[in-house]
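Subject: Structure for you, with notes

Hello,

Here is the structure for your files. Please open it alongside this email.

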Amino acid sequence: MTNWEFSLDCAKKLDQNDELKSFRKLFYLPTFTQSDVIYFTGNSLGLQPKSVQSFIQKELDDWAKFGVEGHVYASNPWMPYHELFTEKIANIVGAKTNEVAVTHSLTTNLHLLMVSFYRPNGKRKKIICEKKAFPSDQYALQSQVQFHNLDPKECIVEIGPREGDYLIRNEDVISKIEELGDELSMVMIGGVNYFTGQIFDMKSITEAGHKQGAKVGFDLAHAAGNINLKLNEWGVDFAAWCSYKYLNSGPGGVSGYYINEKHVINPDIPRFAGWWGHNKEDRFKMPDQFSPIPTAESWQLSNAPVISMAAHLASLEIFEKAGMDKLRNKSISLTNYLEFIINEISEQNNNCLEIITPKDINQRGCQLSIVAHGSNKVLFDLLSKNGVVADWREPNVIRIAPVPLYNNYEDVYRFGEILKKSL
Ligand SMILES: *Cc1c(COP(=O)(O)O)cnc(C)c1O
């Protein structure tokens with residue numbers, strides 16, 4: 001960090017030494033902006049891999065050629081299509097292959113998982129979640145509580161930052177878990193907070209929840225493909241994520257989910273079932289009794305949405321080539337460079353910029369959330385006008401996410417130049 005400079009020269013040198021630099025060419029960079037784009041919203045919708053088109057075309061061709069027989073004769077037969085994802089996605093979230101599956105959408109999967117793991121019983125009915133969780137998660141939690149004829153106001157316990165802070169302290173999450181004790185039924189938190197970019201300590205939260213006899217699950221929408229995850233090792237009960245943010249699989253793309261292997265084979269865990277969760281041997285004999293596949297696949301309701309999953313497959317092949325560890329290493333360095341440049345600019349401008357994302361690299365992914373003190377949306381509009389695609393939250397927070405697969409150090413430098421001028 002000591003020899004970093006806020007200069008084009010330095011950025012170019014860092015790019016030259018980047019072992020993942022060739023991956024940028026595998027993606028389409030948007031062309032809609034007047035100036036060259038600086039795309040920093042991979043945390044919202046990842047860019048399109050150029051290979052997606054041929055992956056989808058292959059399925060269209062097989063559909064044209066085989067009709068229904070594509071379930072068996074397509075070059076990637078559709079009947080077991082979802083199995084192509086198991087190992088790739090297990091590697092990304094640190095799970096065993098019997099613990100993951102890819103299908104449905106994120107909020108749908110959260111509901112299906114909570115049907116299984118939020119089982120209020122007597123006074124054990126409370127849920128801990130983070131304050132200002134992503135709205136879909138809030139609605140999902142509230143409606144799950146109501147589904148059990150309980151009162152969300154009484155059952156949902158939100159943990160927020162302390163007065164004057166932006167971040168939630170891990171110790172506060174843990175002490176709330178201990179305080180609720182045997183009233184706690186479930187902890188459900190975003191693994192990486194979408195607003196601040198803060199990583200929660202999923203290992204210690206899981207341990208603390210289990211100590212009180214509760215189930216612990218995470219929404220990994222902002223974590224999957226962004227940070228290293230070890231869901232199985234941490235003993236997490238369940239998790240779900242979407243594929244269209246860091247996993248670059250297209251708008252509304254399929255979600256993935258994880259269920260710890262100890263629950264997967266536990267017949268006492270109820271679930272909402274569909275035919276694609278039924279064991280593969282006699283699925284097509286159409287028996288009237290549900291007999292689950294002995295893996296996380298048994299939570300699948302429907303047959304695979306192959307066309308949209310083809311995009312996910314294209315993207316996961318790129319992840320496999322790059323490797324999560326290398327991606328994470330570049331991500332840390334790229335975000336550190338961004339932080340360095342923002343701090344330089346801030347110092348030259350009466351410290352008007354405050355990064356609210358944790359400074360500790362172990363507590364953040366690639367996203368930085370910046371409070372622009374004394375600025376309003378005019379600043380953001382200036383950034384947009386100059387080609388920066390970022391995210392603005394009222395009253396004055398800018399969220400930017402340099403993504404290691406397709407962003408580079410020059411993007412970060414150019415962003416800095418535009419930010420400096422715009423201030
Ligand atoms: C993006 C996101 C969602 C979106 O849910 P969908 O069902 O895919 O529309 C939900 N939760 C979190 C935390 C998110 O970041």
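Below are notes on the ligand site, a surface patch and some backbone features.

This is a predicted model: local features need pLDDT of at least 70, side-chain atom pairs count only at pLDDT 80 or more, and totals for chains, interfaces and linings use all residues. Residues are numbered from 1 along each chain as its sequence is written, and side-chain values use heavy atoms, with hydrogens and water left out.

**Ligand site**

Which residues surround the ligand? They are Leu106, Thr107, Phe134, Asp137, Asp219, Ala221, His222, Tyr244 and Lys245. Each has a heavy atom within 4 Å of the ligand. By class, the shell has four nonpolar, two polar and three charged residues. Here Ala, Val, Leu, Ile, Met, Phe, Trp, Tyr, Cys and Pro count as nonpolar, Asp, Glu, Lys and Arg as charged, and the others, Gly among them, as polar.

Now the polar contacts (pairs of N or O atoms within 3.5 Å). The Thr107 side chain has an N or O atom 2.6 Å from a ligand oxygen. The Tyr244 side chain places a polar atom 2.5 Å from a ligand oxygen. The Asp137 side chain has an N or O atom 2.7 Å from a ligand nitrogen. Taken alone, the ligand exposes 400 Å², and the protein buries 83% of that. Accessible areas come from the Shrake-Rupley method with a 1.4 Å probe; for residues, only the protein chains shown count as cover.

**Surface patch**

Leu60, Trp63 and Ile307 form a nonpolar patch on the surface. Together they have about 280 Å² of accessible area. Nonpolar side chains are joined within 5 Å, like charges within 9 Å. Trp63 lies in helix H2 (residues 52-66). Helices (at least four residues) and strands (at least two) are DSSP runs, numbered from the N terminus. Trp63 is exposed, at 52% relative accessible area. Buried means under 20%, exposed over 50%, and partly exposed in between.

**Backbone features**

Met286 has a positive phi, near 50°, and is not a glycine. Met286 sits in the loop between helix H11 (261-264) and helix H12 (306-322). Its relative accessibility is 54%, so Met286 counts as exposed.

Asn351 also has a phi near 50°. Its loop runs between helix H13 (324-348) and strand E9 (353-355).

Finally, the Glu394 to Pro395 peptide bond is cis, with omega near 0°. Pro395 is in the loop between strand E12 (391-393) and strand E13 (397-400).

Best wishes

Conventions. Patches are made of residues with over 30% relative accessible area and no salt bridge: like charges are joined within 9 Å, nonpolar side chains (Val, Leu, Ile, Met, Phe, Trp, Tyr) within 5 Å. A salt bridge is a side-chain nitrogen of Lys or Arg within 4 Å of a carboxyl oxygen of Asp or Glu. Buried means under 20% relative accessible area, exposed over 50%, partly exposed in between (1.4 Å probe, protein chains only). A polar contact is a pair of N or O atoms within 3.5 Å; within protein, one must be able to donate a hydrogen and the other to accept it, and residues adjacent in sequence count only if both atoms are side-chain atoms.
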